[in-house]
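Biologist: I'm new to this one, so please pick a single part and walk me through it closely. What should I look at, and how do I read it?

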Amino acid sequence: MNITANPAIEADRLNKSYGKKQAVKRLSAVVPQHSITAVLGPNGAGKSTFMRMIAGQAAPDDGRLTVLGRTAGQDVSRKVAYLPDRARWYAHHTVEQAAQWCERLQTGFDRERARELFDSFGLDAGMKVSGMSKGQEARLMLALCLAREAPLLVLDEPFSGIDMISREKIVGALIDAFGERMQTVLISTHEIAETESLFDRAIFMDQGTVVLEGEAERLRAERGSLQQVYRQLFG
């Protein structure tokens, strides 16, 4: 794969600070089109900040960030289905009302696809967000994100608070999204052992910068698994 030919995401020496804290530091990385790429690293590595910049929710202080062939920002964000690590919905919404809200406000939202995902994830249309467990709310947010026919999915810790059986269903939904729609998928997760078979590329981050990136097949051939690479870098 020629990753330099029209990549979905290309970051070149990005910097981003919040007050005195530098969240991202001279970060450079490439995400090929039509790939499922993992963003891996310890807490505080800058992964969420990187993803917010890709989704147009934050702007780099300097450096260059290209997303889907254009400079990252609010205009590009319409083509990005973004699941933040701390997404929240209005407590009075039901599952069905949340879908109606997304259909009105988000481009490319597929209502039928959302209903299929609700069924798969065990979510009843009449359930209220206020009465959901953490895992149920996480499944709702992910279902609504996966229901968008966006060229780029950016998922920040989509498996957090979700049981193993539900994770398996989510992995299946991601495989469908990639296979049927040829979307580019970027996922940050700590659940490496259960999900690494998804990934064909990995970006490892620490202290705001990329410490290693490459094709997952090559990294596995050299070091055994992505989980082993993680342990070698951060253990």
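Modeller: Let's start with a word: buried means under 20% relative accessible area, exposed over 50%, and partly exposed in between, with a 1.4 Å probe and protein chains only. Keep in mind that this is a predicted model, where local features need pLDDT of at least 70 and side-chain atom pairs count only at pLDDT 80 or more, while totals for chains, interfaces and linings use all residues. Residues are numbered from 1 along each chain as its sequence is written, and side-chain values use heavy atoms, with hydrogens and water left out.

Now find R139, which sits in helix α5, residues 134–146 (helices are DSSP runs of H or I, at least four residues; strands are E runs of at least two; both are numbered from the N terminus). R139 counts as buried because its relative accessibility is 10%. Its side chain reaches the backbone oxygen of F121 at 2.8 Å (a polar contact is a pair of N or O atoms within 3.5 Å, one able to donate a hydrogen and the other to accept it; residues adjacent in sequence count only if both atoms are side-chain atoms). Besides F121, R139 is in contact with L123, I162, D163 and S166, if you skip neighbours within four places in sequence (contact means heavy atoms within 4.5 Å).

The Q183 side chain reaches two backbone oxygens: that of A150 at 2.6 Å, and that of R148 at 3.3 Å.
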